[in-house]
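Student: Can we go through this one together? I would like to start with what the record says.

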Number of protein chains: 2
Amino acid sequence: MKLVCSKSNLLTGLQVVSKAVPNKTTMSILECILIDSTGGEIKLTANDMELGIETIIEGDIVEKGIIALDAKIFLEIVRKLPDNDITITTDSNFKTTITCEKAKFNIIGKSGEDFSYLPMIERNESIVLSQYTLKEVIRQTIFSISDNDNNKLMSGELFEINGEEMRVISLDGHRISIRKIHLKNSYPSQKVVVPGKTLNEISKILGGDADKDVTIFFTDKHIVFEFENTTVVSRLIEGEYFKIDQMLSSDYETKVEINKKELLDCIDRATLLIKEGDKKPIIINITDGSMELKINSTVGSMDEEIDISKVGKDLMIGFNPKFLIDALRVIDDETITIYLVNPKAPCFIRDEENNYIYLILPVNFTTV
Amino acid sequence: MKLVCSKSNLLTGLQVVSKAVPNKTTMSILECILIDSTGGEIKLTANDMELGIETIIEGDIVEKGIIALDAKIFLEIVRKLPDNDITITTDSNFKTTITCEKAKFNIIGKSGEDFSYLPMIERNESIVLSQYTLKEVIRQTIFSISDNDNNKLMSGELFEINGEEMRVISLDGHRISIRKIHLKNSYPSQKVVVPGKTLNEISKILGGDADKDVTIFFTDKHIVFEFENTTVVSRLIEGEYFKIDQMLSSDYETKVEINKKELLDCIDRATLLIKEGDKKPIIINITDGSMELKINSTVGSMDEEIDISKVGKDLMIGFNPKFLIDALRVIDDETITIYLVNPKAPCFIRDEENNYIYLILPVNFTTV
């Protein structure tokens with residue numbers, strides 16, 4: 001095989017596919033990136049058997065061929081080469097020569113025949129959204145998946161399509177994050193659970209451009225994301241997702257409007273008194289016109305008051321401060337509304353149209 | 001005690017003195033920063049018994065007093081407070097209240113009486129140089145101190161003053177770094193060995209401003225750096241430093257002029273084939289007009305040629321690539337000159353005026 005392509009094209013392609021290279025594996029072929037030019041295009045592929053990424057890069061194919069190269073070392077070599085054309089040559093013993101200007105690297109590759117190609121997916125039903133929207137919706141929900149493997153479904157996010165609406169939902173047993181997106185077209189109903197790892201990796205690859213689209217295909221077992229020259233294929237998580245709508249309620253006893261930044265900064269300050277792993281709640285005391293936040297730990301104590309506008313009953317309630325911080329960080333509104341019932345019932349941070357809903361369970365606390 | 005000062009003044013002061021707070025210690029008072037306003041100024045001090053830093057910050061003293069506060073938590077609190085005036089109040093039980101706008105923190109301090117003050121140093125002989133010069137000369141030499149504790153002297157740098165000239169020297173048994181500085185005035189001869197840790201910390205505090213000076217005082221056991229409102233006192237390393245001038249020689253058999261960036265980039269590329277801890281040399285083959293660099297490892301091989309201008313014999317020599325990279329990174333010249341004798345003798349990278357001299361010992365190699 002002999003290929004010539006620019007450093008920048010090759011590097012971009014390698015950075016994209018390397019997101020599907022597993023960190024640890026006993027199958028050394030999975031640590032490789034496949035370069036396949038047999039089809040007349042330069043195609044890079046990586047595949048950890050759960051998640052596979054394929055991208056096509058521009059370049060000249062002088063001699064068609066196929067080779068698997070160790071992802072880490074290949075990426076490092078390309079990154080450090082001068083910004084010029086790179087030539088990749090392989091021989092029948094998989095000896096690979098990478099040259100650029102006067103620099104010449106020799107490494108030993110592996111047979112492309114041993115590589116696991118991406119599964120063939122029938123591309124039937126699809127939806128289209130912008131790269132920006134997909135990247136944003138992942139950022140705004142991914143923090144409340146569970147990293148606990150006991151419940152596989154909690155480690156993924158529900159993508160639920162209904163006509164012109166898509167809801168993306170994650171939950172970890174203590175909180176639920178829901179974002180609603182309006183699609184450009186109407187689509188048949190569809191419900192799939194996408195692994196959190198897939199979403200994390202794809203959000204790193206997505207350009208975040210509002211003018212560029214992503215096409216998403218669904219099958220029973222897989223989800224496929226197609227954008228620009230890249231295809232991402234991921235297995236789905238099988239099983240029935242949690243019945244979310246039963247957990248949502250629009251009843252409340254106390255409704256608070258508050259400046260988001262003031263609240264976030266205050267909780268952020270309070271957490272510095274809590275050592276890692278220490279489960280100290282932040283105690284929130286809501287009265288007319290004022291929210292008082294208090295925290296007590298072995299390190300010291302803090303209290304602070306924030307002006308609010310309140311409707312309904314006074315209330316004292318405790319929360320894990322991290323859960324509040326996570327939700328507040330991904331809300332862009334300047335003023336937010338919090339709905340509460342009592343110190344044992346979940347609180348809801350949501351806008352009027354339910355474009356976002358963050359449900360957070362309170363924690364028990366003792367006032368000192 | 002009751003003090004009021006701006007967040008920015010307090011934060012800057014705390015960041016400066018916290019460089020002398022030890023990471024690990026069995027004496028919990030050393031983990032504190034002392035706030036002392038008994039003398040009519042707000043003075044912050046930290047001291048790990050080797051290195052002590054003191055800085056004076058602006059602010060109002062409402063009631064004089066003294067308190068020692070845990071450095072880490074105090075710095076974190078101040079960092080996260082709003083950008084406004086901060087009030088610090090203490091009572092007789094060392095309970096300390098830190099307020100800013102509506103935020104109020106309570107922490108427990110320690111008696112200032114338990115704190116180890118900086119040693120009193122007689123300020124006799126001193127030299128003056130700019131903050132920029134001191135910061136630069138540390139950066140350009142500190143990498144070749146030894147982190148091995150077997151030879152204390154190698155863990156510090158020699159500051160050698162002679163008339164209008166100061167030389168700063170470090171060595172680790174495989175290489176020597178020497179920088180020469182022209183001072184604004186003439187000073188009596190002086191030789192001290194300053195701990196590398198002191199120099200590392202002081203270079204983080206120095207502003208790097210060419211218009212601002214540092215005054216350095218010497219005593220038998222201590223060195224004192226004074227700049228702006230800050231005083232840094234460090235113990236010296238005792239003992240007779242190595243006789244450097246015996247190791248330097250201006251004889252050579254081969255003299256090479258080479259573009260510094262090309263050489264550095266090439267060696268940098270080569271090192272990616274070497275795994276951490278693997279001691280593979282880079283082999284340099286010098287012939288008329290060309291330097292060929294080669295490296296061979298279990299990962300693969302690289303070779304590259306660079307155009308040079310050469311005087312003298314052809315030579316093949318091996319080096320630890322890291323030692324070359326360290327020296328090349330801190331040389332600002334576009335073209336550098338390398339002086340070599342034979343494959344067993346040290347090479348010198350130096351300019352004509354000996355403003356910098358980097359001596360590097362070669363390593364044995366076998367050509368494959």
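**Domains, copies and a helix pair**

Tutor: The UniProt annotation "domain: DNA polymerase III beta sliding clamp central", from an unreviewed entry, covers residues 129–241 of chain A. UniProt positions are given in the numbering used here, feature names are shortened, and annotations may be inferred rather than shown by experiment. This is a predicted model, where local features need pLDDT of at least 70, side-chain atom pairs count only at pLDDT 80 or more, and totals for chains, interfaces and linings use all residues. Residues are numbered from 1 along each chain as its sequence is written, chains are lettered from A and ligands numbered from 1 in the order in which they are written, and side-chain values use heavy atoms, leaving out hydrogens and water.

Student: How much of residues 129–241 of chain A is helix, and how much strand?

Tutor: That span is 17% helix and 50% strand, with its end C-alpha atoms 23 Å apart. Helices (H or I, at least four residues) and strands (E, at least two) are DSSP runs, numbered from the N terminus.

Student: Which residues of chain A does the N-terminal annotation cover?

Tutor: In the unreviewed UniProt entry, "domain: DNA polymerase III beta sliding clamp N-terminal" covers residues 1–118 of chain A. There the chain is 18% helix and 42% strand.

Student: And how is chain A divided into domains?

Tutor: Into domain 1 (2–114), domain 2 (126–170 + 182–239) and domain 3 (248–360). These bounds come from an automatic or database domain assignment.

Student: How far apart are the C-alpha centres of domain 1 and domain 2 of chain A?

Tutor: They lie 28 Å apart. Eleven residues of domain 1 of chain A are in contact (heavy atoms within 4.5 Å) with twelve of domain 2 of chain A.

Student: Why do the copies meet through the same surface?

Tutor: Because 100% of the interface residues of chain A are also interface residues in chain B.

Student: Last one: which residues of helix 5 of chain B meet helix 6 of chain B?

Tutor: Among them are Leu263(B), Leu264(B) and Ile267(B), and on helix 6 of chain B the partners include Leu324(B) and Ile325(B).
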